[in-house]
Amino acid sequence: MKICLLSYRGNPYCGGQGIYLMYVARELAKLGHEVHAIVGPPYPFPIEGVTYHYIDNHNYFNIKDFVKPHKPFATLEPLNFYEFTASKFGIFPEIESFSIRAYCKLKELLKTHSFDIIHDNQCLGYGFLLIKQFGIPFVSTIHHPLTIDRSTWFEYPSSFFLKTKRILYYPLVMQKYVANKMDLIITVSHDSAREIYKAFGVPLEKQRVVYNGMDSSIFYPIKTKKRPNSLIFVGNVEDRKKGVIYMLKALTLTKHKVHLTIVDGGAPNRNYVPKWIDKFQLNDRITFTGKIPLDKLVKLYAETQIALCPSLYEGFGFPAAEAMACELPVIAATGGALPEVVGQHNKTGILVPPRDPYALAQAIDYLIENPGVRERIGKAARTRVLETFTWENAAKQMVKVYQEAIDAYRGL
Amino acid sequence: MPRAKIYGFLAVIISALLGIAFVYYAFIRFDMYSSLHFSSIDTGAYWAVTTPIAIVTLFILATGFWVGYTILTIKVAPPMPEIVEKKDNSKFKAFLLCLVTAALAAWFVYGLLNHYYLAIAIPAACITLVILGMVFWVGIAIITTRSTLKKDK
């Protein structure tokens with residue numbers, strides 16, 4: 001099968017989308033398919049069997065010094081000028097502009113290549129309506145609808161200005177319209193499928209659930225001495241849907257004096273949380289590592305007793321699955337798809353209600369006091385991850401979805 | 001001076017001159033009080049010119065209304081009491097935004113149907129000045145961006 005993947009951000013260190021692209025592309029190539037990927041910056045690392053086609057982007061939304069000395073007039077080009085202007089009004093235009101550029105790139109590629117299927121990775125820009133005109137089956141992965149990000153942001157008190165910025169930031173109208181035009185939607189959990197139906201109105205019959213995988217060759221248990229009363233949280237602390245504030249509150253409620261290690265994107269990405277760490281007087285009990293390499297993260301998992309995932313919502317929850325693969329007992333909130341990933345309460349993990357710092361604190365104390373339970377849950381968690389979440393399975397299921405879309409297109 | 005900087009200066013000067021010229025000819029030199037209507041313009045020509053302006057204006061006002069309406073109506077879980085620092089008055093501001101955008105849209109449509117000069121001139125000025133302002137900004141950025149590294153670097 002000749003597959004063309006689209007991802008507006010391709011690097012695995014830029015978040016879940018990049019990780020998804022990397023593993024899906026790699027596994028599809030391993031299965032013997034011809035894989036091409038049209039990607040925006042930051043670009044992915046080369047993978048054997050995957051041909052990348054790069055699309056430029058000036059990242060006007062995030063970069064202040066937008067004039068490139070070697071291309072001083074690039075901003076005055078029509079699409080760049082639109083991106084520049086829209087980003088100055090708080091709109092996030094990267095998705096839309098990527099979709100238009102992807103159309104142009106595909107048009108060029110189709111002169112020399114033919115594709116059986118095009119698979120988008122949660123972009124859903126208006127340019128895809130043009131891509132549909134090529135007459136190639138077109139599916140899209142939606143990890144979770146961005147309405148969730150918007151509403152969790154609104155849960156926290158913020159000014160009118162910030163709320164306005166948030167509303168303008170998420171391209172929900174466009175994504176809702178384009179999602180309904182795709183041949184099939186792939187999503188990563190049953191909970192996400194329900195949320196996509198609620199937010200975008202895409203019927204469940206048009207959605208296929210393909211669970212993400214977990215790379216057990218990277219995430220595995222290491223025998224080492226664990227630090228007493230140690231906890232770990234992996235994720236972007238500024239992302240309101242991660243429930244960090246409830247986790248901080250829980251730390252003030254535990255009977256045991258626990259120490260939390262936070263693995264996040266680094267100091268420039270922290271504005272909101274340090275204030276609450278000060279307010280809850282937790283400065284001596286929290287360590288930020290910033291961005292660290294994967295081998296160091298695995299070592300950190302090995303040295304820690306408990307992993308926390310207090311998210312209000314997760315479309316899948318990579319950090320929970322990673323910790324489980326490292327035989328770490330996970331305390332997860334029942335937000336979104338986390339129960340689907342973590343599994344049975346008290347068997348493969350501990351589940352607590354989201355937004356409940358008291359329940360979270362109680363669960364932390366319970367696991368601190370019961371090393372036997374920690375070990376039992378950790379081992380069961382790894383078994384669950386190895387059996388349920390592999391990228392090989394994900395790729396095989398994805399190929400079935402592709403075939404279904406192709407057959408429907410051919411009227412079979 | 002590098003060629004890029006020359007073009008940067010040109011972008012700044014031209015956008016500034018066009019902006020000033022627009023304001024001067026549309027609002028200062030033009031005697032709005034004696035000719036408040038586009039009465040002498042052919043109907044077809046009037047709608048040909050005003051329709052694009054009307055679409056953009058109504059789209060922007062509708063976006064403003066939608067932002068206010070979303071803030072007013074979005075349903076979310078209440079925040080943890082510890083993190084509420086001060087009273088949130090964003091709903092009141094959102095209500096005002098809805099009110100203002102609806103009133104402006106009503107005034108604009110009324111003015112458009114009655115061929116009022118200002119109903120067309122003000123949105124046209126806003127759109128033009130925003131675009132020229134962006135070009136001006138890019139020009140300034142080109143002028144102030146160092147094109148080569150310093151000799152000691």
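Which domains does the domain assignment give for chain A? Domain 1 covers 2-213 + 390-410, and domain 2 covers 230-388; these bounds come from an automatic or database domain assignment. The model is predicted: local features need pLDDT of at least 70, side-chain atom pairs count only at pLDDT 80 or more, and totals for chains, interfaces and linings use all residues. Residues are numbered from 1 along each chain as its sequence is written, while chains are lettered from A and ligands numbered from 1 in the order in which they are written.

Between the C-alpha centres of domain 1 and domain 2 of chain A the distance is 28 Å. Their contact takes 17 residues from domain 1 of chain A and eleven residues from domain 2 of chain A, where contact requires C-beta atoms, placed from the backbone, to lie within 7 Å. On the side of domain 1 of chain A that touches domain 2, two or more residues come from each of helix 1 (16-30), helix 5 (147-154) and helix 8 (190-200). Helices (H or I, at least four residues) and strands (E, at least two) are DSSP runs, numbered from the N terminus. Helix 5 of chain A gives the largest share of that side, four residues. By class, this side of domain 1 of chain A has six nonpolar, eight polar and three charged residues; Ala, Val, Leu, Ile, Met, Phe, Trp, Tyr, Cys and Pro count as nonpolar, Asp, Glu, Lys and Arg as charged, and the others, Gly among them, as polar.

Helix 15 (residues 371-388) of chain A has 18 residues and reaches 26 Å from its first C-alpha to its last, close to the 26 Å expected at 1.5 Å a residue; the expected span is 1.5 Å times one less than the number of residues. Its buried residues are Arg374(A), Ile377(A), Gly378(A), Ala381(A), Arg382(A), Arg384(A) and Val385(A). A residue is buried if 20 or more other C-beta atoms lie within 10 Å of its own, exposed if 12 or fewer, and partly exposed in between, with C-beta atoms placed from the backbone. Seen down the axis of helix 15 of chain A, the buried residues fall within an arc of 160°, so they line one face of the helix; the arc is that of the directions from the helix axis to the C-beta atoms. The face turned away from the buried side of helix 15 of chain A carries the exposed residues Gly372(A), Glu375(A) and Glu387(A).

The cover over the buried residues of helix 15 of chain A includes helix 12 (318-325), strand 12 (330-333) and helix 14 (357-369) of chain A. Strand 12 of chain A is itself covered on both faces, with Val330(A) and Ala332(A) buried on one side and Ile331(A) and Ala333(A) buried on the other.

Two backbone details remain. A cis peptide bond, with omega about -5°, joins Pro41(A) and Pro42(A). Gln281(A), not a glycine, has a positive phi of about 55°.

Technical notes. Contact = placed C-beta atoms within 7 Å.
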